[in-house]
Amino acid sequence: MAAGETQLYAKVSNKLKSRSTSLLLEPLLALGFPAHTALKALAATGRKTAEEALDWLHCHCNDPSLDDPIPQEYGLFLCPTGPLLEKLQEFWRESRRQCAKNKAHEIFPHVTLCDFFTCEDHKVECLYEALKRAGDRILGSFPSVIPLVLHSSISYLGFFIHDSSADIIREFAMSFATEASVLADCTVKPCTKQLHLTLAHKFYPHHQRTLEQLARAIPLSPGCQWTATLYSRDMRFVHYQTLKATFQYKPQNTDELNLSPGDYIFVDPTQQKEASEGWVIGISRWTGCRGFLPENYTERANESDTWVKHRTYTFSLAMDLNSRRDGEASSRRNGEFHPPQTSRSLSSVQALQATILRRSVLVVRHGERVDQIFGKSWLQQCSTPDGKYYRPDLNFPCSLPRRRNGIKDFENDPPLSSCGIFQSRLVGEALLDSGIRITSVFVSPALRCVQTAKHILEELKLEKKIKIRVEPGIFEWTKWEVGKNIPTLMTLEELKEANFNVDANYRPAFPLSSLIPAESYDEYVQRCSASVERITSICSQDLGVTVVVSHGSALDSCTRPLLGLPPRKSGDFAQLVRKIPSLGMCFCEENTKEGKWELVDPPVKTLTHGSNSAFNWRNWILGS
């Protein structure tokens, strides 16, 4: 043990000798655990019970850092409770669902009172006393109502606390910092700037209006009870990603971690060179051990999920001093104060949803198609002499749906490649993570478009809830199709037989029979404009996102009518469409105040990847 470490633990021992042994520490020492590890376990579990600390010690028996003198980091937060907390939590859920996750979702609703600071394990009890003294000092002057003023900018949304209320709260923070310095020998930097309760931070600019509407729907109840809460975190993992195990995993090798549902894993993104694809290297919060784990057995957790609550001080003028001290004593035993439970109002959730007063249209190009990779002769490459399909390359799909005229019907209506299926699923997964609310899906009758929509819906877990509406009016410009006739496309009956959840009751704006071979550019843009007008009128009451899966040309021909823009010149249109990648997308939102649609950033990032040419090992190995 290093000299500095020896001095630290000698100081702990001297402290213990000079006073009676803590009721929490005594049973751990009686079991033979050294004082420094016992104190470390108590600090890591919030000094609640000896049993929790004992469990922690047993689980960390192989932790290589168990004897390291690394203290916890502590932070003090002013937290709302009761009805206001419930409304804020509803805002958290709705904002994430409607506008994707932002930085505010990483932590519970709070007002920061000081920066994180360190405290030696044997002085944590002194922090609790510092919290009590600071609270007692300003209890009589603590405001019965804290006025919250909504503030919004392009990357921040939250409530500001002004005037005398802010001064009193700052006084409490400075008092705690002073007491912590005297009692626990801690250097605490209290918050002296604008006090605020963050609602959203670092969000997409086009979500600002939605977030503001949701925030204005939060009723600011004057009867809110506030608590000052002391949390701790492991300072080693502040800049790591936190994963949460969703499935059990039994290690297959000695360098792998054991996972149980609910376990938290700390992952350093900069230290993943040793990990194979699909695996990560992490440190288990429960055992302290490092090892490999399958990433698909986990999900991203919030930053504060691994924080430990130590003690709370409740500010309430409605409670008399004796009852407050009773609650304080309970807090001292259990590590937290339990406010009265209130029932959740369903109408409040509906009120939040009702504030989203606009519709959105997401136009998406289909995924990679097989003829895009294998050329016009792709069908000959995968057909047997008797007309059956086989898979000559992994980028060909595993199978093809059945069609009335056999495999030849696919010649001018090609399916997605395997990569196209992967692209579609990847975008569906990203849309799920973004939290947007999909209400309806319209597709071009081309098989590649129907397949793209199906795979997106499967990743969104909506394949059974939302039926695909086939709209021939958004089919490709027929001048670009091969031959003088419209390609043979799958009927609704064939699509249903192939397990596509299509809406047989939908009446399209343009029936398939109305498509004109080799139509003019004016006829094409008029067809798309009329189809989009029909789609938006059908979905006029849907407060969410209407997805249109079509061709690259649709990103222009189906959005310009919504935006009130005239068609491009046909030459410019052709040049533009050539640059649109697979799963390229445009996103339009309705601005009800100004009575128009606006083009905004899509809810997910673009998908970029390189080409991968064919490879024949015989030519490479045996060639000269």
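This is a predicted model: local features need pLDDT of at least 70, side-chain atom pairs count only at pLDDT 80 or more; totals for chains, interfaces and linings use all residues.

Me: What makes H455 count as buried?
Reply: The cut-off for buried is under 20% relative accessible area. H455 has 10% relative accessibility, so H455 counts as buried. H455 is found in helix 14 (residues 447-459). Leaving out residues up to four places away in sequence, H455 touches L416, I421, S424 and R425.

Me: How many aromatic pairs does a search of the whole structure find?
Reply: The search finds 29 aromatic pairs. One of them joins F91 and W92.

Me: Why is the pair of F91 and W92 called edge-to-face?
Reply: Two values decide. A pair of aromatic rings is described by the distance of the centres and the angle of the planes. Centres must lie within 6.5 Å, and planes over 60 degrees apart count as edge-to-face. For F91 and W92 the centres are 6.1 Å apart and the planes are at 70 degrees, so the pair is edge-to-face.

Me: Are F91 and W92 buried or exposed?
Reply: F91 has 0% relative accessibility and therefore counts as buried. W92, at 11%, also counts as buried.

Me: How do you know that the rings of Y249 and Y297 are edge-to-face?
Reply: Their centres are 5.4 Å apart, and their planes are at 80 degrees. The limits are within 6.5 Å and over 60 degrees. Therefore the pair of Y249 and Y297 is edge-to-face.

Me: Why does the pair of Y249 and Y297 tie together parts that are apart in sequence?
Reply: Y249 lies in the loop between strand 8 (241-245) and strand 9 (264-267). Y297 lies in the loop between strand 11 (290-294) and strand 12 (298-300). The parts are 48 residues apart in sequence, so the pair ties them together.

Me: At what angle do helix 6 and helix 7 pack?
Reply: Helix 6 (residues 124-138) and helix 7 (residues 163-184) pack at about 145 degrees. Their axes are 8 Å apart. The crossing is right-handed. The residues of the contact divide into twelve nonpolar, two polar and five charged.

Conventions:
Residues are numbered from 1 along each chain as its sequence is written. Side-chain values use heavy atoms; hydrogens and water are left out. Axes are lines fitted to C-alpha atoms, for helices over the stretch in contact, and angles run from 0 to 180 degrees between N-to-C directions. Helices (H or I, at least four residues) and strands (E, at least two) are DSSP runs, numbered from the N terminus. A crossing is left-handed if the near helix is turned anticlockwise from the far one by less than a right angle, and right-handed if clockwise. Ala, Val, Leu, Ile, Met, Phe, Trp, Tyr, Cys and Pro count as nonpolar, Asp, Glu, Lys and Arg as charged, and the others, Gly among them, as polar. Buried means under 20% relative accessible area, exposed over 50%, partly exposed in between (1.4 Å probe, protein chains only). Contact means heavy atoms within 4.5 Å. Rings of Phe, Tyr and Trp (its six-membered ring) pair if their centres lie within 6.5 Å; planes under 30 degrees apart count as stacked, over 60 as edge-to-face and the rest as tilted.
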